[in-house]
Amino acid sequence: MSAPLRVGVVGLGVISRFHLAALVASPDWDLAAVCDLDPSRIAGPPPGAAGYTDHTRMLAEAGLAAVVVTAPNDAHARICADALAAGVAVCVEKPLALDLAEGEALAALSRERGVPLSTAFHRRYNSGFAALRERIHGREVREVTVRYLERIEEHAGDDTWYLDPQRCGGGCVADNGPNAFDLVETLLGRAEVTGARVGYDSAGVDRRADIALEAGGARARVLLDWSHPGERKDVVVRTADGREWTADLLAGRPAFKESLWHEYEGIAADFARRVREGRVEDASGVSALRLVGDAYRAAALGERVGP
């Protein structure tokens with residue numbers, strides 16, 4: 001078996017615990033360093049891991065093969081670019097960057113340096129979604145509906161930047177949209193936005209969205225909600241034979257965020273394969289940013305929708 005790859009994690013906010021647990025549990029990875037701007041978050045780093053408050057210093061000193069970036073969305077482009085320039089492979093939380101231009105620049109840098117860059121779309125590794133893909137294999141898909149409904153305040157914890165459109169890149173479309181769009185494109189291939197309605201709160205944060213897409217002759221619909229009581233995340237597929245197939249992404253894991261543990265194990269395993277095989281580019285991150293931008297533009301062509 002190959003020796004574990006040295007990896008660092010940049011950003012120790014609410015989602016980092018899932019990455020950290022997956023990396024520590026994996027034989028593919030040696031968690032060598034963690035980094036956060038807040039010194040209190042690195043006061044007790046995982047065993048064997050050095051703590052840093054400056055990611056550039058971590059990249060220079062820690063001897064890393066790879067980094068996982070879980071910092072706020074507005075920091076993604078800068079941290080990823082620094083890592084790629086240093087020859088360190090990157091797995092970054094979705095979205096890849098704040099907008100398509102930033103994402104395309106990162107993809108170009110990844111190709112130029114020959115360094116792997118991937119985006120962590122955790123829902124594609126969900127066991128229920130994997131079972132759905134098996135059930136519909138070989139069938140002609142006519143329609144896909146993805147529902148991604150939650151109350152964002154329950155999920156963001158102390159990471160208040162989620163509710164700052166300048167730091168998040170928007171609201172539910174910018175942050176949850178990429179996961180939903182990735183599920184559509186995993187099933188159907190490259191998708192195009194055909195229409196969108198987006199609802200904003202008084203602070204200008206988009207809290208609800210209904211987005212229509214087309215891909216490969218099939219239709220898709222993405223429903224997003226950041227004000228939903230409780231949580232509902234599922235995928236419904238209708239095939240040409242008239243049958244309907246459903247994957248409840250939370251089924252069998254009723255505890256809050258319980259489904260994420262196995263999904264992030266999938267991310268860690270896939271990222272290790274990418275690094276070992278030298279697979280440089282993951283086009284899905286850029287594609288998700290394209291769809292986010294197209295959804296906002298399609299909605300802007302219509303009337304701005306209130307809460």
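Which residue takes a positive phi just after α5? In this predicted model, that residue is Gly 138, with a phi of about 85°.

Helix α5 spans residues 127-136, and Phe 129, Leu 132 and Ile 136 are buried within it. Viewed down the helix axis, the buried residues of α5 fall within an arc of 55°, so they line one face of the helix. An α-helix has 3.6 residues a turn, so residues three or four places apart point the same way. The cover over the buried residues of α5 includes strand β7, helix α9 (177-188), and strands β11 (227-239) and β12 (244-248).

Strand β7 comprises residues 141-151, and Thr 145 is found in this strand. Thr 145 is buried, because its relative accessible area, 15%, is under the 20% cut-off. Leaving aside residues up to four places away in sequence, Thr 145 touches Arg 221, Leu 223, Asp 234, Val 235, Val 236 and Arg 238.

The largest nonpolar core has 56 residues, and those with the most contacts inside it are Trp 29, Met 58, Val 67 and Val 90. Helix α10 (residues 260-277) supplies the largest share of this core, seven residues. Apart from this core lies another, of 48 residues, among them Val 14, Val 235, Val 237 and Tyr 296. With residues up to four places away in sequence not counted, the contacts of Trp 29 include Pro 4, Leu 5, Ala 66, Phe 271 and Val 275.

How values were computed. Residues numbered from 1 in each chain as written. Predicted model: local features only at pLDDT ≥ 70, side-chain atom pairs only at ≥ 80, totals over all residues. Heavy atoms only, no water. Helix = DSSP H or I, 4+ residues; strand = E, 2+ residues; numbered from the N terminus. Buried < 20%, exposed > 50% of the residue type's maximum accessible area, 1.4 Å probe, protein only. Contact = heavy atoms within 4.5 Å. Core = buried A, V, L, I, M, F, W, Y, C linked by side-chain atoms within 4.5 Å. Arc of directions from axis to C-beta.
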